[in-house]
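Good morning, and thank you for making time for this presentation. Please take a moment with the sequence and the structure before I go through them.

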Amino acid sequence: MIYVFNAGLQGMVFSLLGLGLSAVVNNCYLAAVIPFCYCIFTASILATYSSGLNALSLFVIGQYNNAIIGYGGILLYDFLLVLVGYGLFIGGDKHACKG
């Protein structure tokens, strides 16, 4: 049950990020690809600097007890990604109303 909850949580996080990007980019295909590119970028390049920056580690249940990123680090990372997606959505919505 924990795996199902975690997969749903991460799906919500990355779908909100894609929704925010779609409001700014105005291209549904690019908005669907950018979150995947973000995961690949963080897994390949940013993970060499710190394992806490790896977005693919969000899907691993054992990372919730990782002392390197802190015991609440995964939830904080999720919260930041949701805030970025929400901010992009609100900012893109205001931009679309003006133009």
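Let me begin with a definition: a disulfide is a pair of cysteine sulfur atoms within 2.5 Å. This is a predicted model, in which local features need pLDDT of at least 70 and side-chain atom pairs count only at pLDDT 80 or more, while totals for chains, interfaces and linings use all residues. Residues are numbered from 1 along each chain as its sequence is written, and side-chain values use heavy atoms, with hydrogens and water left out.

How many disulfides does a search of the whole structure find? The search returns 0. The closest cysteine sulfur to that of Cys39 is in Cys37, at 9.4 Å, so the two are too far apart for a bond. Are these cysteines buried or exposed? I use buried for under 20% relative accessible area, exposed for over 50%, and partly exposed for values in between, with a 1.4 Å probe and protein chains only. Cys39 is buried, at 9% relative accessibility, whereas Cys37 is partly exposed, at 42%.

I turn now to the overall fold. The chain has 3 helices and 0 strands, and its order along the sequence is α-α-α. Helices (H or I, at least four residues) and strands (E, at least two) are DSSP runs, numbered from the N terminus. Of the 99 residues in the chain, 28% are buried. The accessible surface of the chain is about 6,400 Å², and carbon and sulfur atoms account for 75% of that surface. Such areas come from the Shrake-Rupley method with a 1.4 Å probe; for residues, only the protein chains shown count as cover.

Next, contacts, meaning heavy atoms within 4.5 Å. Among contacts between residues at least 6 apart in sequence, 54% join residues at least 24 apart.

What makes up the largest nonpolar core? By nonpolar core I mean a set of buried Ala, Val, Leu, Ile, Met, Phe, Trp, Tyr and Cys residues joined through side-chain atoms within 4.5 Å. The largest one has 11 residues, including Val13, Phe14, Leu17, Leu21, Cys39, Leu58 and Tyr77. Helices α1 (2-25), α2 and α3 each give two or more residues to this core, and α1 provides the largest share, with 4 residues.

Setting aside residues up to four places away in sequence, Leu58 touches Asn6, Gln10, Phe14, Ile74, Tyr77, Asp78 and Leu81. Asn6 belongs to helix α1 and is buried, at 3% relative accessibility. Beyond its neighbours within four places, Asn6 is in contact with Leu58, Phe59, Val60, Ile61 and Tyr64.

Ile34 is in helix α2 (residues 28-44). This residue is partly exposed, with a relative accessible area of 28%. Apart from residues up to four places away in sequence, Ile34 touches Leu21 and Val25.

Finally, the surface. Leu76 lies in helix α3 (residues 73-98) and is exposed, with a relative accessible area of 51%. Together with Phe79, Leu80 and Leu83, Leu76 forms a nonpolar surface patch with about 400 Å² of accessible area. A patch is made of residues with over 30% relative accessible area and no salt bridge; like charges are joined within 9 Å, and nonpolar side chains (Val, Leu, Ile, Met, Phe, Trp, Tyr) within 5 Å. A salt bridge is a side-chain nitrogen of Lys or Arg within 4 Å of a carboxyl oxygen of Asp or Glu.
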